[in-house]
Amino acid sequence: GRWLVAARELLLLPGTFISMRQARREIGAIDLIHLNEITGIIAGSLAKRHWGCPLIVHIRAHMGDQSRGLRSRWLWRMISRTAAHCFCIDGTVRATVPPVDIPVSVIHNSLKLDNKGWSASLNEITNLGKIPSSDDVVAIVGSLLEVKGVREFVNAAIQVCRNRPNVTFLIVGGAVR
């Protein structure tokens, strides 16, 4: 299965390269390339060479035992050679990253709210009225897929609400299945 992902990335490279050339004509120079998933490292490396700017890699998936195979060793060598920095979404993901020759940091996915509670844009996104200022707010924001932990979030909300009535839980996102 993992080799199929690599094969897919290779098949998409010609279209990716054409898109990069078009983007370079339309937007010109850029300062930084953010690769949103390590499986796109070939395209990310190509973009880095094309634009001549740093590449950062966002690691969103737990690597588990798959970091030991031939494909993964190649992938991590490629990341070490091309990326300036890797960012993991949490400590669990970070713990599964093998030793690499570049910095690897944890930056939790988060949503920053203003001091008054909600920003206007979040109110617009969620279509919610004012949440009581006495409430603590816990939210999951993103694609609402089971693999993203939505079920666990709801179960945790149920447990917390049994003991803490002043907590508001929000589920914000799309891709509901």
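How many helices and how many strands are there in the chain? There are six helices and six strands, where helices (DSSP runs of H or I, at least four residues) and strands (runs of E, at least two) are numbered from the N terminus. From that terminus on, the elements run α-β-α-β-α-β-α-β-α-β-α-β.

This is a predicted model, in which local features need pLDDT of at least 70 and side-chain atom pairs count only at pLDDT 80 or more, while totals for chains, interfaces and linings use all residues. Residues are numbered from 1 along each chain as its sequence is written, and side-chain values use heavy atoms, with hydrogens and water left out.

**Confidence and overall figures**

The mean pLDDT (the predictor's confidence in each residue, from 0 to 100) of the chain is 78, and 77% of its residues reach 70 or more.

Of the 177 residues of the chain, 33% count as buried; buried means under 20% relative accessible area, exposed over 50%, and partly exposed in between, with a 1.4 Å probe and protein chains only. The accessible surface, computed by the Shrake-Rupley method with a 1.4 Å probe, comes to about 11700 Å², of which 56% belongs to carbon and sulfur atoms. Of the contacts with a separation of 6 or more, 54% are accounted for by residues 24 or more positions apart.

In soluble globular proteins, nonpolar side chains tend to be buried together.

The buried residues of α2 are I41, I42, A43, G44, S45, A47 and W51. W51, in this helix, counts as buried because its relative accessibility is 14%. Leaving out residues up to four places away in sequence, W51 touches M20, A23, R24, G28, A29, I30 and I33, and its side chain reaches the backbone oxygen of G28 at 3.0 Å. Just after α2, G52 takes a positive phi of about 70 degrees.

Helix α3 (residues 70-82) has 13 residues, which at 1.5 Å a residue should span 18 Å, and its end C-alpha atoms are 18 Å apart, in agreement; the expected span is 1.5 Å times one less than the number of residues. Its buried residues are R71, S72, L75, W76, M78, I79, S80 and T82. R81, by contrast, also lies in α3 but is exposed, with a relative accessible area of 65%.

E37 is found in the loop between β1 and α2 and, at 17% relative accessibility, counts as buried. A polar contact of 3.2 Å joins the side chains of E37 and R60; such a contact is a pair of N or O atoms within 3.5 Å, where within protein one must be able to donate a hydrogen and the other to accept it, and residues adjacent in sequence count only if both atoms are side-chain atoms. Beyond its neighbours within four places in sequence, E37 is in contact with H58, R60 and A61.

H85, in strand β3, is likewise buried, at 18% relative accessibility, and its side chain makes a polar contact of 2.7 Å with the side chain of S105. Not counting residues up to four places away in sequence, H85 touches L55, I56, V57, I102, P103, V104 and S105.

V138 belongs to strand β5 (residues 136-141) and is partly exposed, with a relative accessible area of 33%. Residues up to four places away aside, V138 touches F153, V167, T168, F169 and L170.

| Pair | Separation in sequence | C-alpha distance |
|---|---|---|
| R81 and S45 | 36 residues | 9.1 Å |
| W51 and I30 | 21 residues | 6.9 Å |
| V138 and F169 | 31 residues | 4.9 Å |

How values were computed
Contact means heavy atoms within 4.5 Å.
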